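This report describes how two chains meet in the structure shown below.

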Amino acid sequence: MHKFTLLIALVFCASLLGACAQFESKRGVEVNWQDTVTNELVNGTSTRKDVLTLLGPPSQVIALGGETALYYLFEHSEGEGLILIVYNRMRINTRYDRAIFFFDEHDTLTEFATRLYPADES
Amino acid sequence: MKVSTTRILYLLLTCWLLTGCSQWRYDMGVPISSNNLPAQKTPLNEVLQLLGPPLRMSASDTGFIMAWEHWDIRENSIGITLGALGADFFSADWGEMRVKGEFLLMTFDHQHLLTSATHSDWDNDGGGGQAIQPFFSFISVVDVEDLIGPMPQHDWGSLLLQADLPSALNSGSNSDTGQEGLQQRATPKAVGQQSLEMD
């Protein structure tokens, strides 16, 4: 019977060790809108062709009457988990890197803005 | 006395293996600074400098619409199952969900000047349930799928090439294309433009 107790205590201790998990998910277009890249763009001078050459195809093209907007999106999720069988905890953080560029009817850049989270800057 | 201790230990271990508690936390986006919403007629470039590019955008008859959002979803569940003992039947579950969020909507005219700005935030019970399922576990008592999905921009191209008929016929009114307005996460499909896509 002493062996039984020992076995149960052993199983109990082993399960307390638990497990942990870490994962990440990335989807969207390649992030090419770092400051070093967008510094080359000038409102009123740069064209849609310049933007497409630097950044590649966008996630979305929005027609605004005579104007156009190019929208770039990169979605980055990071998850961490603690798995102890009796108690499991998962935390998932999602951040959105994005850039938007407006062009007039002559395909000239009129305005743009970018947002990049530090983890995706490299 | 030794037998009694062993039995108690065995019973405790069995109960411990039968019960499980899970917590899921989803944090999507970053909190929106709503203390100083820009005034009407603020130029677009100042708004973008303040808030960054929007998360959702669409053309409108009078110009365009932009939206920023932040979601914090908490899902808690506790269940008893025989799975740990190798039996794939009988489970008793309880679960609940809490949803906190913020949404900032701005409209601009064709001159790129702000015409309106509205901000809302909420901290609500997102639902939940209890279930006793004697044979197989068919139902999840908490459903967060429609709240945590990816942004519609990822599917922009494929939206225009849908093959299934109700959706294809409605593609001109789809709110995910960026041309026909926008909608928040978890908007029921039975209302608005998407109701035309229902079979």
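## The contact between chain A and chain B

Arg91(A) stands opposite Arg25(B) in β1(B). Eight bridges join β4(A) to strand β1 (residues 19–28) of chain B, and the two run parallel; strands are DSSP runs (E, at least two residues) numbered from the N terminus, and two of them pair if DSSP finds at least two bridges between them.

This is a predicted model, in which local features need pLDDT of at least 70 and side-chain atom pairs count only at pLDDT 80 or more, while totals for chains, interfaces and linings use all residues. Residues are numbered from 1 along each chain as its sequence is written, chains are lettered from A and ligands numbered from 1 in the order in which they are written, and side-chain values use heavy atoms, with hydrogens and water left out.

The extent of the interface is summarised here.

| Item | Value |
|---|---|
| Residues from chain A in contact (heavy atoms within 4.5 Å) | 44 residues |
| Residues from chain B in contact | 46 residues |
| Area buried between chain A and chain B (accessible area, 1.4 Å probe, lost on being put together, summed over both) | about 4,100 Å² |

Carbon and sulfur atoms give 62% of that buried area. In chain A, Ile8(A), Val86(A) and Tyr96(A) lose the most area to chain B, together 14% of what that side buries.

One salt bridge is counted between chain A and chain B, a side-chain nitrogen of Lys or Arg lying within 4 Å of a carboxyl oxygen of Asp or Glu; it joins the side chains of Arg95(A) and Asp27(B) at 3.5 Å, N to O.

How values were computed
Buried area = accessible area lost by both parts, 1.4 Å probe. Helix = DSSP H or I, 4+ residues; strand = E, 2+ residues; numbered from the N terminus.
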